[in-house]
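User: I am new to this structure and would like a close look at one part of it. Please take me through it slowly.

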Amino acid sequence: MHQCYWLAVILTCAANEVFMLLPATKSLDWEQFCRTRCLAGPSQSECVACYLSLFLLGSILGCMLIVDLQIAHVVCSSIWGYYLGMWKSLMGMRKAADSAVFLSD
């Protein structure tokens, strides 16, 4: 059952990446984007800036993948927890942390 949960999380992330992030990065090709800036040589400042900007953009997308995995984990665990609560008829129950924080209840 644990493998099915993580499979659902990873499939949710993959669907988000395929339909949202990959179309945004389709035109970001290393060769096509920096070709005009690097004609005189790869050590010019414009060429270095172009390659660094593409590298930073790729690292930002990588960070987005990590955050996306965490968000998908929270969403899938919330849906699974709601399903288990409904299955065990735990509707209307309060968390133990609520009674510990609000002692006047």
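User: Is W80 buried, partly exposed or exposed, and what is its relative accessible area?

Analyst: W80 is partly exposed, since its relative accessible area is 35%; here buried means under 20% relative accessible area, exposed means over 50%, and partly exposed is in between, with a 1.4 Å probe and protein chains only. Before going further, please keep in mind that this is a predicted model, in which local features need pLDDT of at least 70 and side-chain atom pairs count only at pLDDT 80 or more, while totals for chains, interfaces and linings use all residues. Residues are numbered from 1 along each chain as its sequence is written, and side-chain values use heavy atoms, with hydrogens and water left out.

W80 belongs to the one aromatic pair that a search of the whole structure finds. Its partner is Y83, and the pair is tilted, with 5.4 Å from centre to centre and 35° between the planes. For such pairs, rings of Phe, Tyr and Trp (its six-membered ring) must have centres within 6.5 Å, and planes under 30 degrees apart count as stacked, over 60 as edge-to-face and the rest as tilted. Both W80 and Y83 lie in helix α3, residues 45–87, where they are three residues apart, or about one turn of the helix. Y83 is likewise partly exposed, with a relative accessible area of 45%.

Helix α3 also holds H73, which is partly exposed at a relative accessible area of 31%. Leaving aside neighbours within four places in sequence, H73 is in contact with Y5, W6 and V9, where contact means heavy atoms within 4.5 Å. The C-alpha atoms of H73 and T12 are separated by 9.1 Å, although these residues are 61 apart along the chain.

As for the setting, the protein has four helices and zero strands, and its pattern along the sequence reads α-α-α-α; helices (H or I, at least four residues) and strands (E, at least two) are DSSP runs, numbered from the N terminus. Of its 105 residues, 14% count as buried. Confidence is highest in α3, at a mean of 82, and lowest in helix α4, residues 96–101, at a mean of 55, whereas the mean pLDDT of the protein is 75; pLDDT is the predictor's confidence in each residue, from 0 to 100.
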